[in-house]
Amino acid sequence: MSRNSIFSKLLAFTLIARLAAATGTGWHFVQNGTSGIVALESVIMSDNLAILFDRATNDPLQIDGHTAWGAFWNLETNTATPLRLVSDTLCSSGGFLSNGTLISVGGIAPSIPWVESGLQAIRVMEPCDDPNGVGCSMLDDPENFHLATTRWYPSSLRIFDGSLMIVGGMHEQTPFYNTDPVNSLEFFPSKDGGVPRPLDVLARAGPVNTFPRTIGLPDGRVFMAVGNQTIIYDIEANTETRLPNIPNGVRVTNPLDGAVVLLPLHPPDYTPEVLICGGSTTSDQIPSENLSTQTPATDQCSRMTLTQEGIQRGWQIERMLEPRIMPEIVLMPNGQGVIINGAQTGYASMSSVGDPIGGSNADHPAFTPSLYTPDAPLGQRISNREMPTTDIPRMYHSTATLTPQGNILVGGSNPNPTIVNGTTYPSEFRIEYLNPPSMTSDRPQLSNVPKQIAYNAEFDVNVTIPKNLNPNNIKVALMDLGFSTHAFHQSQLLVFMEGNLKDNNRRLTIKTPPNNRVYPPGPAWIYLTVDDVSSVGVRVMVGNGAPPPVPDQGVSH
Ligand SMILES: *[C@@H]1O[C@H](CO)[C@@H](O)[C@H](O)[C@H]1NC(C)=O
Ligand SMILES: *[C@@H]1O[C@H](CO)[C@@H](O)[C@H](O)[C@H]1NC(C)=O
Ligand SMILES: *[C@@H]1O[C@H](CO)[C@@H](O)[C@H](O)[C@H]1NC(C)=O
Ligand SMILES: *[C@@H]1O[C@H](CO)[C@@H](O)[C@H](O)[C@H]1NC(C)=O
Ligand SMILES: *[C@@H]1O[C@H](CO)[C@@H](O)[C@H](O)[C@H]1NC(C)=O
Ligand SMILES: *[C@@H]1O[C@H](CO)[C@@H](O)[C@H](O)[C@H]1NC(C)=O
């Protein structure tokens, strides 16, 4: 291709993107509503309800005559309602159990006297559907009901028996590096008589080891990326198998946050492949005051197939279009990933480097998301050709999550210890949605979907497929939308299911995952994609909905 034709192609793409943005078709950002608290953690609870958490500081949203630090976000009206909490949720994590109950764990020792410490907290919200959170409440009683040890910056993962595995963190508030690490994991409900298990990789990878990136694999084991190290942890045998380090010294845990995701699993083999993007190659031995907001993050993505042969082949490297610290990767129902948020230079955390911008350790926000297409050839997987650009920085303490509607909720950003305005990087309350082209297309619809599905089973649903879409090109996704915070989407998972149309394309027979290791028992969303246009998601309970631990179900694959 001549330079001229490349140029005219680029021009054409730019024009198409501008036209799409102007007409609200194609990929586009929509800003709508303000969250009242900084959306530094987000999780989808039901069709129209997201739950947001911040720290107890001076957020404008009020409850009981004082500031709130939790909120219900109504995805339909784009309004926030305060959620009553007792303990400080700053830098906590969470996930769903096999019975659909939402658990939030850990947090910080509060800076407000009447707020309780969240360091050891276990918070429980029973399944809840009201879009404004009416009748939904969070049990938060850290004195009487708590973790075995204090954990600030832990990560959480729903495992094959429907329990939550809670990994790492720090005991006390340390400013940048983790100098008081909790090098162990524990479970909720507890196992091992409530005694935490030591986890060597946390010690080996320190002091850049908080929010360990933990990914459930289809055999029930757990991939972890901590610092520059990677392992597979076998929960049942309590063993660590070391894998090759992330290439070129890239580290991906806080405060050098990169995104780590399990690529979509496909039947019949469900071969696991992990993708790691962004983070930093900065040494973990430099005092934080000698670091700079202007140091580029890494643009490296590293991908590995987690089979014996795949591990032998090792990491395959590709490059993003820009370096990113604190990116998120959000899986879409068609199997693509959206790389979004973060900054091009600097680090996570706040007020620790030599030249902070206000409180921010990072600068040069990444304003344009990229699409990652897993099955494209190497070198052609990452593109922002069709992507819009926002002008709202989403850096430290921001989130992004897929919604049941099929768009991405983007919120937060607050590299400041309290709520501040008027600085370069203020506390950000504006909520945006990144809408994929499906949102403005005539979409396929699912109906008559059972509330509960078993493993290794078939079930029928009704479908409506718009005439202009090719019914020979369908994908059925079973998704855990995960729990998003600190550039890590905990428990996020996409398992494709076999789907066969019948009755004149009005009914679809779906084959469920073979067992509870491929998709851990608990809540899920089913999306139908036809010709790359995705339906709205429909919620199901996978497994029998019993509280954890649940026994193995289904067949091995
Ligand atoms: C924002 O959301 C409200 C409530 O759904 C809707 O009425 C309004 O049209 C939306 N505004 C924009 C700009 O999309
Ligand atoms: C990987 O991390 C370990 C522990 O922090 C460190 O000793 C080692 O030098 C790092 N490797 C590279 C290539 O940076
Ligand atoms: C950090 O910066 C100080 C002051 O510039 C310098 O004296 C010191 O050698 C630096 N330390 C490292 C490890 O770079
Ligand atoms: C921050 O300041 C800007 C400019 O004065 C104002 O438009 C915006 O509403 C303020 N934001 C908050 C959350 O107070
Ligand atoms: C679902 O499809 C079946 C078979 O085509 C049909 O009999 C039934 O009425 C449909 N149900 C709904 C709610 O559309
Ligand atoms: C789910 O299980 C958890 C852990 O046993 C329990 O605390 C919670 O009350 C259960 N909720 C429901 C709805 O069964």
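Visitor: Let's start with Cys91: is it buried or exposed?

Guide: Keep in mind that this is a predicted model. A residue counts as buried when its relative accessible area is under 20%. Cys91 has a value of 0%, so it is buried.

Visitor: And what is a disulfide, in general?

Guide: It's a covalent bond between the sulfur atoms of two cysteines.

Visitor: How many disulfides does the structure hold?

Guide: There are two. Number the bonded cysteines in sequence order, and the pairing reads 1-2, 3-4.

Visitor: Which cysteine is bonded to Cys128?

Guide: That's Cys136, and the two sulfur atoms sit 1.6 Å apart. As for accessibility, Cys128 comes out at 7%, so it counts as buried. Cys136 has 11% relative accessibility, and it counts as buried too.

Visitor: Now the other pair. Which residue does a disulfide join to Cys277?

Guide: Cys301, with an S to S distance of 2.1 Å.

Visitor: Where do Cys277 and Cys301 lie, and what does the pair tie together?

Guide: Cys277 is in strand 21, which covers residues 273-278, while Cys301 is in strand 22, residues 300-305. The pair therefore ties together parts that are 24 residues apart in sequence.

Visitor: Are Cys277 and Cys301 buried or exposed?

Guide: Both Cys277 and Cys301 are buried.

Methods: Residues numbered from 1 in each chain as written. Chains lettered and ligands numbered in written order. Predicted model: local features only at pLDDT ≥ 70, side-chain atom pairs only at ≥ 80, totals over all residues. Heavy atoms only, no water. Disulfide = S-S within 2.5 Å. Buried < 20%, exposed > 50% of the residue type's maximum accessible area, 1.4 Å probe, protein only. Helix = DSSP H or I, 4+ residues; strand = E, 2+ residues; numbered from the N terminus.
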